[in-house]
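The sequence and structure come first.

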Amino acid sequence: MSNLTIYNSTAINNIIDAEITEITVSQSQATDYLSEFLASKSQGTAKVYRIAITQFLTWGGITEGDFMAMSSNHAYRLVSAYQSELQSGELAANTILTKLAAIRSFRQWGGKAGISSPLPSLDNLPVAAPYKDTRGTSSDKMIEILSHLSTPQDKVIWGLLFLLGLRRGEVSAINLGDVNLSEGKIMIKGKGKRDKVALDMPLPLQQWIGELIAIRDGGADDPLLQNRKNSRSDSKRLSTQGIYNLVKKWGELVGVTGLRPHKIRHTAITSVLDANDGNLRETAKFSRHTNVNTLQHYDDNRLNHQLKCSNLLVNLIK
């Protein structure tokens, strides 16, 4: 017995014909293709991709099985229509590209798994925006924040964000077993990575973590950083949102509006470039950027080449 699904032509702006695609009940309902696809992704990527793909399927009024069973041409027309709708809104180019990459990756996985045909390349994709202002705040403000911190946990969070330049997701994920004080190392699972890597800790951070562990109960798999007692979450782990909220309060203490964890990372990277006279390769070891060219944006923003060039032209009219 077959289940016939008619795709809503209104939902796809009348670009796709009212095509009837036959999908078996076992395909469209019993098989969780999305979870199978995301199983090979890192936790962060899986979260972003799941949201993007679910939004697309909901928009089109289709199931995972429906999408996999479409012909290549039909899938291309559907995704192209969705692309047009995304680009007609106010979403940033990078956001649109991420959503489309998730959908395309899902379909390509289906092709490798033998349950779908490849999705042709999309046309007229938006151009990815370059890095925006990466200067963050000043290193003086970061030192001022530290002077306000009194608890070992707060100092550890500050040290992980600024002294190691970690992202908040990397900070939240650290377990007690990831810390090796005898060797001065800490294991970090980087953005988009499946395996942890060891980073060397500067002495102040080692000291603060030692003080924190001395008052912390738990095993190797328990979180290094815990929620406050008044947290609404049942989890003991300090969440990424919790870190975000904490950093925002730190900014308010020193007069920095809208301070975010990633802005601290920007500050750390820029401060390193200031200290090592723009050594991109050395800084890449600190920031863990796989592409050294990414750091060129930091260096350009740090030196403000644009303003210097504009002032050269100003000299012509004096």
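## The loop between α12 and α13

Asn 276 sits in the loop that runs between α12 (261–275) and α13 (280–287); helices here are DSSP runs of H or I with at least four residues, strands are runs of E with at least two, and both are numbered from the N terminus. The model is a predicted one, in which local features need pLDDT of at least 70, side-chain atom pairs count only at pLDDT 80 or more, and totals for chains, interfaces and linings use all residues. Residues are numbered from 1 along each chain as its sequence is written, and side-chain values use heavy atoms, with hydrogens and water left out.

Is Asn 276 buried or exposed? Asn 276 counts as buried because its relative accessibility is 16%; buried means under 20% relative accessible area, exposed means over 50%, and partly exposed lies in between (1.4 Å probe, protein chains only). The side chain of Asn 276 makes a polar contact of 3.0 Å with the side chain of Glu 282. A polar contact is a pair of N or O atoms within 3.5 Å; within protein, one must be able to donate a hydrogen and the other to accept it, and residues adjacent in sequence count only if both atoms are side-chain atoms. Apart from its neighbours within four places in sequence, Asn 276 is in contact (heavy atoms within 4.5 Å) with Glu 282 and Thr 283.

Asp 277 also lies in the loop between α12 and α13. Asp 277 counts as exposed because its relative accessibility is 69%. Its phi is near 60°, a positive value in a residue other than glycine.

## Another positive phi

Asn 124 has a phi near 55°, again a positive value in a residue other than glycine. Asn 124 is located in the loop between α6 (93–112) and α7 (139–148), and with a relative accessible area of 69% it is exposed.

## The open sheet

Three strands make up an open sheet in the order β3-β4-β5, with antiparallel pairing. Its edge strands are β3 (179–180) and β5 (197–200), each of which pairs on one side only. Two strands pair if DSSP finds at least two bridges between them. β3 and β4 (residues 185–188) pair in the antiparallel sense over 2 bridges, and Asn 180 stands opposite Lys 185 in β4.

## Salt bridges

How many salt bridges does the count come to? The count is 5, where a salt bridge is a side-chain nitrogen of Lys or Arg within 4 Å of a carboxyl oxygen of Asp or Glu. One of them joins Lys 196 and Asp 178, whose closest N and O atoms are 2.8 Å apart. This pair links distant parts of the chain, 18 residues apart: Lys 196 is in the loop between β4 and β5, and Asp 178 is in the loop between α9 (168–172) and β3. Lys 196 is partly exposed, at a relative accessible area of 36%, whereas Asp 178 is buried at 8%.

Asp 200 forms a salt bridge with Lys 185, with the closest N and O atoms 2.5 Å apart. Here too the pair links distant parts of the chain: Asp 200 belongs to strand β5 and Lys 185 to strand β4, 15 residues apart. Asp 200 counts as exposed at 53% relative accessibility, while Lys 185 counts as partly exposed at 27%. Elsewhere, salt bridges that share partners join Arg 167, Glu 170 and Arg 288 into one network. Within it, the side chains of Glu 170 and Arg 167 meet at 2.8 Å, N to O, and both residues are buried.

## Two helix positions

Glu 211 is part of helix α10 (residues 203–214) and is partly exposed, with a relative accessible area of 34%. Glu 211 and Gln 153 are 58 residues apart in sequence, and their C-alpha atoms are 8.7 Å apart in space. Val 314 belongs to helix α15 (residues 305–314) and is partly exposed at 35% relative accessible area.

## The chain as a whole

The chain has 15 helices and 5 strands. Of its 318 residues, 40% count as buried. Among contacts between residues at least 6 apart in sequence, 60% join residues at least 24 apart.
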